[in-house]
Each structure stands twice: as structure tokens, then as C-alpha cells.
Amino acid sequence: MNYFRAIFSGIIVWVCVALTFMSLGYIPGIKDSLQQQSIIAGILMPFYAMLGAMIYYQKGNSDHGLKVGLAISATALLLDVLITVPLFEIPNGGSYWIFFTSPLLWMLVTINITTLFIYWRQRVRTRRNTNATDVVHR
């Protein structure tokens, strides 16, 4: 596994999600509804995960999608521990416990890992199998 690419992809995914929640916090009618913000973030999450997958797999890596999804999610969760909770949650009355027991967080993690697995299965594994078949038939 290319850990540098996985960490970099995790940072990109985390930044996208963080910017989404920050932006939604300024939209009237949505800023006061965590449920609406969660729905919008859940809809956007597959696109962010695909961006992370494209970054990770662009140099021909073929590591299993679940493994890559876990690494990218772990990176994003570590950034939540180091940045999101202390800078945004705690000043607004939240805590680590509240943040990490939120079903929203684990829904986003699940969407991320699932999207990466599907991306790997449809694009990377298929490409790898096609290339192996081409070599055999030559």
C-alpha cells in the first residue's frame, strides 16, 4: 500500500467534508438543522470518496478497496481528533464523546469505505484483470 497516497487522499476527503459543513453553516434554513446538513453531506460523500480513490489509484496502484478505504477513513478520523473536535466541536459545547458517538460520523465513514470498495471493484480490479487477460492472450 502506498501510505503517502492514502494519507494524502484522506486529507483531501476530510477537507472536502469539513468545507461542506462549514459552508452549510452559513446557509439560512440549513445552518440550524444538523439533519439537513447530514443529508447533504451524505449525498456529497460518494463524490468526495471517488475523488480520494482517483487520487490514490491514479499511478496504477491496485490495493484492495477496503484496505484503502480504511486507511483514508482512518486519516480523516485522525484529523477529526486533532482539528475538528478541538477547534470546532468543543468551542460550540460539544465533546469528543458526542462527536465520535454520532451516527452521522459513522454513516459518512461507511459511505466512504463502501464507495472506495465499489470504485476499486469496478475500475481497478477490472482494469487489473483485463491487463492480465491481455498478457495471457498475447
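A crossing of two helices is called right-handed if the near helix is turned clockwise from the far one by less than a right angle. With that term in hand, here are some close-up views of this predicted model.

**View 1. Helix 1 packs against helix 2.**
Helix 1 covers residues 3-24, and helix 2 covers residues 34-57. Their axes lie 9 Å apart, and the two helices pack at an angle of about 155°. Angles over 145 degrees count as roughly antiparallel, so helix 1 and helix 2 are roughly antiparallel to each other. Helix 1 passes helix 2 in a right-handed crossing. Sorted by class, the residues in this contact of helix 1 with helix 2 are 18 nonpolar, 5 polar and 1 charged.

**View 2. Helix 1 meets helix 3.**
Here the partner of helix 1 is helix 3, residues 65-89. The axes of helix 1 and helix 3 come within 8 Å and cross at roughly 45°. That angle makes helix 1 oblique to helix 3. The crossing of helix 1 and helix 3 is right-handed. On the helix 1 side, look for A6, I7, S9, G10, I11, V13, W14 and M22. They meet A71, I72, T75, A76, L79, D80, I83, T84 and F88 in helix 3. The contact of helix 1 with helix 3 divides into 12 nonpolar, 4 polar and 1 charged residues.

A41 has its place in helix 2. Is A41 buried or exposed? Its relative accessibility is 3%, so A41 counts as buried. Not counting residues up to four places away in sequence, A41 touches T20, F21 and L108.

**View 3. T115 and its contacts.**
T115 lies in helix 5, which covers residues 103-137. With a relative accessible area of 11%, T115 is buried. Which residues does T115 contact, leaving aside its neighbours within four places in sequence? They are P46, A49 and M50.

A pair of aromatic rings is described by the distance of the centres and the angle of the planes. Counting rings whose centres lie within 6.5 Å, the model has 6 aromatic pairs. One of the pairs is that of Y56 and Y57, with ring centres 5.0 Å apart and planes at 90°, so this pair is edge-to-face. Both Y56 and Y57 are buried. Y57 also forms an aromatic pair with Y119, and this one is stacked, at 6.0 Å centre to centre with 20° between the planes.

Which residues do ring pairs link into a cluster? Y56, Y57 and Y119 are linked in this way.

Definitions and conventions:
Residues are numbered from 1 along each chain as its sequence is written. This is a predicted model: local features need pLDDT of at least 70, side-chain atom pairs count only at pLDDT 80 or more; totals for chains, interfaces and linings use all residues. Side-chain values use heavy atoms; hydrogens and water are left out. Axes are lines fitted to C-alpha atoms, for helices over the stretch in contact, and angles run from 0 to 180 degrees between N-to-C directions. Helices (H or I, at least four residues) and strands (E, at least two) are DSSP runs, numbered from the N terminus. Angles under 35 degrees count as roughly parallel, over 145 as roughly antiparallel, 65 to 115 as roughly perpendicular and the rest as oblique. Ala, Val, Leu, Ile, Met, Phe, Trp, Tyr, Cys and Pro count as nonpolar, Asp, Glu, Lys and Arg as charged, and the others, Gly among them, as polar. Buried means under 20% relative accessible area, exposed over 50%, partly exposed in between (1.4 Å probe, protein chains only). Contact means heavy atoms within 4.5 Å. Rings of Phe, Tyr and Trp (its six-membered ring) pair if their centres lie within 6.5 Å; planes under 30 degrees apart count as stacked, over 60 as edge-to-face and the rest as tilted.
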